[in-house]
Amino acid sequence: MTELQPAGGPIGGAQSLGQSSLRTGAATRSEAKLVPEGGTRLVDAADRPGSTSNAKPVSAIASGAPVFMFSGQGSQKPGMGADLFAVEEVRATFACASDVLGFDVADLVLNAEPEKLNDTRNAQPALCALSVAVARALMARGVEPAAVLGFSLGQVSALAVSGMLADEATFALVKARSELMAEAAAAHPGAMSALLKADEDAVQALCDECAEGDVLVPANFNCPGQIVVAGTPEAVERAEAAWAAAGKRSSRLATSGAFHSPLMASAAEGMAAYLENVEFSEPRVPLICNVTAAPLSAADARESLVRHLTSPVRFDASVAALAAAGADTFVEVGFGGVLANLVKRIDKTATRACVQDRASFDALLAAQAAPDSE
């Protein structure tokens with residue numbers, strides 16, 4: 001059972017540091033960045049699909065300051081991050097997760113069969129633990145994020161690294177979230193499909209046309225030209241057929257339900273009840289919210305996390321807002337590299353990387369440690 005594949009339905013290959021143009025060793029800090037591949041830099045988040053006109057602006061971000069991005073469910077793979085368990089902070093974070101969750105999360109990640117790891121109740125805690133662990137290890141070595149951004153599940157991981165929740169509270173939250181979503185998916189069957197060469201107006205019109213009384217909504221705004229819809233299986237099938245009739249392609253996602261749609265209403269109700277007893281701190285590191293593509297405050301955290309389950313993921317607009325604030329370096333911490341690949345499609349000038357194993361971990365540290373050449 002998976003929530004999103006990969007990370008909410010982005011289509012495209014993963015990108016690790018080893019596959020990028022990041023230079024290591026004696027390279028300067030400016031040389032160590034991933035080389036831009038041309039194109040125009042996005043400067044106005046309001047022009048991107050899914051933006052909100054009343055969103056608070058993102059504070060200015062210095063060039064080269066990394067934005068940490070947290071992988072979404074669907075990116076998990078047995079053995080992911082195996083060679084990072086020699087890092088003290090990684091081991092400590094997994095030990096914390098195991099204490100909270102009541103099972104050995106490291107053993108799950110390293111040894112579970114794919115079917116077991118892919119179960120929502122296991123995939124979400126496993127990915128959350130790995131993402132937080134990698135971020136903690138980088139921060140312990142002086143790599144401090146200027147902002148944090150998750151994709152769906154990744155927003156929960158971001159709560160810990162932003163300082164809004166302690167690690168223990170984050171792992172307890174992801175346990176509750178995964179169980180609630182799995183239950184809602186079983187009770188209200190649904191499907192998700194990525195529409196290619198899509199724009200927001202066309203997708204909304206498609207949903208209006210094909211719903212026919214069923215649930216059918218835009219669920220994920222991944223990047224320009226790629227929007228995921230979610231709804232009942234019948235409505236999604238009608239949308240795919242209509243999209244094909246218009247000469248466009250779609251890709252059905254291997255999900256167990258219609259996530260980020262009204263079919264998750266029961267999960268949202270359960271989340272609201274759970275969060276009544278959760279206290280949030282103001283973020284020490286700005287966290288860009290999936291729901292609004294704007295910085296999240298402690299006062300808005302409960303409402304945002306509840307809405308998050310039935311509202312679309314606005315990843316495209318979130319990256320655009322960060323770029324408008326000056327962010328030019330995006331580092332995915334977790335596994336799969338899907339978010340780093342999406343950043344390439346949103347802002348072709350941005351530096352991007354994925355830290356998911358020891359080689360990419362060491363490469364990023366080497367790049368950050370290189371002296372400035374200017």
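Guide: Axes here are lines fitted to C-alpha atoms, for helices over the stretch in contact, and angles run from 0 to 180 degrees between N-to-C directions. The model is predicted, so local features need pLDDT of at least 70 and side-chain atom pairs count only at pLDDT 80 or more, while totals for chains, interfaces and linings use all residues. Residues are numbered from 1 along each chain as its sequence is written, and side-chain values use heavy atoms, leaving out hydrogens and water.

Helix α8 (residues 200-210) packs against helix α9 (residues 233-245) with axes 9 Å apart, at an angle of about 125° (helices are DSSP runs of H or I, at least four residues, and strands are runs of E, at least two, numbered from the N terminus). The two helices are therefore oblique to each other (under 35 degrees is roughly parallel, over 145 roughly antiparallel, 65 to 115 roughly perpendicular, the rest oblique). On the α8 side the contact (heavy atoms within 4.5 Å) is made by Ala202, Val203, Leu206 and Cys210, and on the α9 side by Ala235, Arg238, Ala239, Ala242 and Trp243. Of these residues, eight are nonpolar, none is polar and one is charged (Ala, Val, Leu, Ile, Met, Phe, Trp, Tyr, Cys and Pro count as nonpolar, Asp, Glu, Lys and Arg as charged, the others, Gly among them, as polar).

As for the rings, phenylalanine 94 is buried, at a relative accessible area of 2% (buried is under 20%, exposed over 50%, partly exposed in between, with a 1.4 Å probe and protein chains only), and phenylalanine 85 also counts as buried, at 13%.
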